Amino acid sequence: MPGTRVSAFLEIRPDNKVLFRSPFIEGGQGIFTAMAQIVGEELDVDPAQFIVECAPPGPDYLLTMGARFTGGSMSVRMSYDTLRRLGAAARLMLIQAAAQRLGVPAASLSTKPGQVIHASSGRTLDYGAIAAAAAKLPVPSDAPLRSNADFRWIGKPIARLDVLEKSTGQARYSIDLSVKGMLHAAVQHAPRLGLEPASLTNEADVRAMPGVHSVHRLPGAVAVLANSWWRARRAVETLAVTWAEPAGAVVMPADFSSQAHRSKLTSMVGDGVAFETEGDVAAGLRGAARVVEATYEAPHLAHGQLEPPSALARFNKDGTLDLWLPNQAPEMFQTAAAKVAGLAPEKVFIHSPMLGGFFGRHFLYASANPFPQAILLSKAVGRPVKLIWSREEEFLRDALRPTGIARFRAGLDDAGLPVALSAVAVGEGAIGRWYGRQPDKVDSSAVEGIAGKPYAISHRRIGQIHVDDPAVIGFWRSVGHSMNDFFYETFFDEMADAGGQDPLALRRRLLARSPRHLTLLDAVVDLSGGWRRGPFKAADGSRRARGVAMASPFGSEAAAIAEVSLRSGEVVVHDIWVAIDPGRIVNPAIVEAQINSAVALGLSTTLLEEVVYANGEPQARNFDGYPILPPDRMPRVHVRIIESGAAMGGIGEPGLPAVPPAVTNAVSVLAGRRIRSLPLSKAGLT
């Protein structure tokens, strides 16, 4: 059974250091530290004594609903109980081994960090001295767990284990790795997905360039191998390639544009397939004193990770393949790599280095991953090959957050209170793209953040109209919530305005029977020093306003308030207050860091980010064309954590979805009009 074989996870070394093979991958979210806290709590080892690395593929590590991936803010909440039991079992095995060594009953022994103690004789044994003997014992199934009241490390702001390595440049990412005899590779992709290289007019000249080993054609790309990556890149960019459309191939249309795609989504009519229904929304709208309608939209987004994609492939004399690559799902990549290499999966060894950026970028996205190219190149030349995509190739082949729109209709009663709400999401969801879609069912990732809202509105219907997104789409931090909570929570304020209601007061009224959400909303108001919608004049003389929003992503609840002003048509965000209730937590310092990170990314997309297609190609090929939030536009972030005792929720993504609507609601107050499209940089604000 996954998560029960102690030796698959733990190796206690003679020096008392503990190697823990984590089922999950560190990518900046602090998961290695959290794992050490959870296991260390029951094992009775200070988390600072842990060395954590990502475990190789294997059935022991399938802890996320019978599979294994790092994503969906699932790592801690899906493994918490299992890892506690694992640590407790290992501690009991150490006690049993010590009892045999000392010749005393196990019941007479206890532990303190890293040691087994025989109190009556004063004898102690370091874990490292008995670990080998303990590892040979059967794994107990009934090891007692520590009482929550006695926790020493869970729930405490333990320092992150990776801080020293990262701050001193010792951390090793995929792009830092090397093996003996390897060649370096760089690629040039077809400008439109689906095109193939037809002719290389200057191949001989490129082969003669310094350091070049060979030139290769790949599916949808060309590659150069050389004795350094820079030489490989210079050479491959020098290649003059004629690209052609193969007969019968699926090719990105040459006339595809972001503007045309948005127009297509907006033109779709009907209510789509229902996902959530309550009451009779048609009757509620017919009986309403007033009906409010609006359409909201959000663009494609790039992941924009700092580390460019890479892969290092090495075929071995014994017929196996070693593959080093950033990934979020080792078993999935192992299966896919085996197919490319023509090997059985057990002959492919996946090594998963620390990720230099996360955000959902490192899932298995077909053409968006470099590892198939590295495998094919290594196989072709019989040598290890390390491939790095340049920033331009990353932007060309990234798997994007889908473009989406949402149409809302709300019915208000005579008092201006919402009695009916109809919402239709139009577009495609990432779950359906990669895990299969049923025509008569709604993709949950396309409506999450619109469906499942806690507000007490009597008549509701949430539906989806599926429209294929021509771009390669993927999971992006907080997935559908990243845009759908923007749609819903900004329309909520639009309903409030139309009904003459204060948006905070209306939220409180509609949450009166939901104490968890009401507590959260009151907490963020208290954290912000009290609600001031605005416009109001700040101490520095600027004209400001505040916006509020809520979200319920990945098992957690979040609320945010943003205070903004306008300066020469540019949005200035001064403060963002976030209250989050994840039920229970492991490390408050990591929670706060993740909220800060989520606010930064959420704000960046609110103000600046947008992938624009024209003529079938993304127009931005580097950060000069795809601006992200600069440090001088980062606001002060204030965080309050509420442990309600509810089931443990996620942390990495829930801090993001409430940020875009909170900021936009505030900006709409200052602008004197509703803003229904992101990013705000194109809103023409004054």
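Reader: F9 first. Is F9 buried or exposed?
Author: F9 counts as buried, at 0% relative accessibility. This is a predicted model, so the cut-off for that word is applied to a computed value: buried means under 20% relative accessible area.

Reader: And Y61, buried or exposed?
Author: Y61 counts as buried at 5% relative accessibility.

Reader: How many aromatic pairs are there in the structure?
Author: There are 18 aromatic pairs in the structure. In one of them, the ring centres of F9 and Y61 are 5.0 Å apart and the planes stand at 70°, so this pair is edge-to-face.

Reader: Why edge-to-face at that angle?
Author: Because planes over 60 degrees apart count as edge-to-face, and the planes of F9 and Y61 are at 70°.

Reader: Which parts of the chain does the F9 and Y61 pair tie together?
Author: F9 is in helix α1, residues 6–9, while Y61 sits in the loop between β3 and α3 (75–102), so the pair ties together parts 52 residues apart in sequence.

Reader: What about F333 and F371, what kind of pair do they form?
Author: F333 and F371 make a tilted pair, with 5.4 Å from centre to centre and 55° between the planes. This pair also links distant parts of the chain, with F333 in helix α10 (residues 330–341) and F371 in helix α11, 38 residues apart. Both F333 and F371 are buried.

Reader: Which residues form one aromatic cluster?
Author: Y296, F408, Y455, F486, F487, Y488, F491 and F492 form one aromatic cluster.

Reader: Switching to voids. How many cavities of 30 Å³ or more are there?
Author: The structure has 6 cavities of 30 Å³ or more. The largest cavity holds about 130 Å³ of space, and the second largest cavity about 110 Å³.

Reader: Which residues lie nearest the centre of the largest cavity?
Author: P402, E428, S445, A446 and M483 lie nearest the centre, out of 20 residues in the lining. Elements giving two or more residues to that lining are β18 (404–412), β19 (418–427), α14 (444–447) and α15 (481–498).

Reader: How does the lining of the largest cavity divide by class?
Author: The lining of the largest cavity divides into 10 nonpolar, 8 polar and 2 charged residues.

Reader: And for the second largest cavity, what is in the lining?
Author: The second largest cavity has 14 lining residues, with L193, M252, L396, R397 and Y613 nearest its centre. By class, that lining has 9 nonpolar, 2 polar and 3 charged residues.

Reader: Now pockets. What volume does the second largest pocket have?
Author: The second largest pocket has a volume of about 760 Å³. Its lining consists of 32 residues, and F32, I51, V52, E53 and C54 lie nearest its centre.

Reader: Which element gives the most to the lining of that second largest pocket?
Author: β3 gives the most, with 5 residues. The elements giving two or more residues to this lining are β3 (50–54), α5 (163–167) and β16 (348–351). By class, the lining of the second largest pocket has 20 nonpolar, 3 polar and 9 charged residues.

Reader: E42 next. Is E42 buried or exposed?
Author: E42 is buried, with a relative accessible area of 3%. E42 belongs to helix α2, residues 31–43.

Reader: What is E42 in contact with?
Author: Setting aside neighbours within four places in sequence, E42 is in contact with R84, G87, A88, R91, P144, L145, R146 and F151.

Reader: Backbone check. Where are there cis peptide bonds?
Author: The bond from G534 to P535 is cis, with omega near 0°, and so is the bond from L678 to P679, again with omega near 0°. P535 lies in the loop between α17 (515–527) and β21 (536–537). P679 is in the segment after α19 (659–671).

Reader: What is phi of F359?
Author: Phi of F359 is near 65°, a positive value in a residue other than glycine. F359 lies in the loop between β16 and α11 (371–381) and counts as partly exposed at 24% relative accessibility. A366 is found in the loop between β16 and α11 too, with phi near 45°.

Reader: Last one, α17. What should its 13 residues span?
Author: At 1.5 Å a residue they should span 18 Å, and the end C-alpha atoms of α17 are 18 Å apart, which agrees. The buried residues of α17 are H517, L518, L520, L521, A523, V524, V525 and L527.

Reader: What covers those buried residues of α17?
Author: The cover includes α16 (503–510), β22 (543–551), β23 (557–567), β24 (570–581) and β27 (636–641). Just after α17, G529 takes a positive phi of about 85°.

Terms used. Residues are numbered from 1 along each chain as its sequence is written. This is a predicted model: local features need pLDDT of at least 70, side-chain atom pairs count only at pLDDT 80 or more; totals for chains, interfaces and linings use all residues. Side-chain values use heavy atoms; hydrogens and water are left out. On a 1 Å grid over the protein atoms alone, a cavity is a set of points where a 1.4 Å probe fits but cannot get out, and a pocket is an open set with protein on both sides within 12 Å along at least five of seven lines; lining residues have an atom within 4 Å of a point. Grid points are joined across faces, edges and corners, and a volume is the space filled by probe spheres set on the points. Helices (H or I, at least four residues) and strands (E, at least two) are DSSP runs, numbered from the N terminus. Ala, Val, Leu, Ile, Met, Phe, Trp, Tyr, Cys and Pro count as nonpolar, Asp, Glu, Lys and Arg as charged, and the others, Gly among them, as polar. Buried means under 20% relative accessible area, exposed over 50%, partly exposed in between (1.4 Å probe, protein chains only). Contact means heavy atoms within 4.5 Å. The expected span of a helix is 1.5 Å times one less than its number of residues. Rings of Phe, Tyr and Trp (its six-membered ring) pair if their centres lie within 6.5 Å; planes under 30 degrees apart count as stacked, over 60 as edge-to-face and the rest as tilted.
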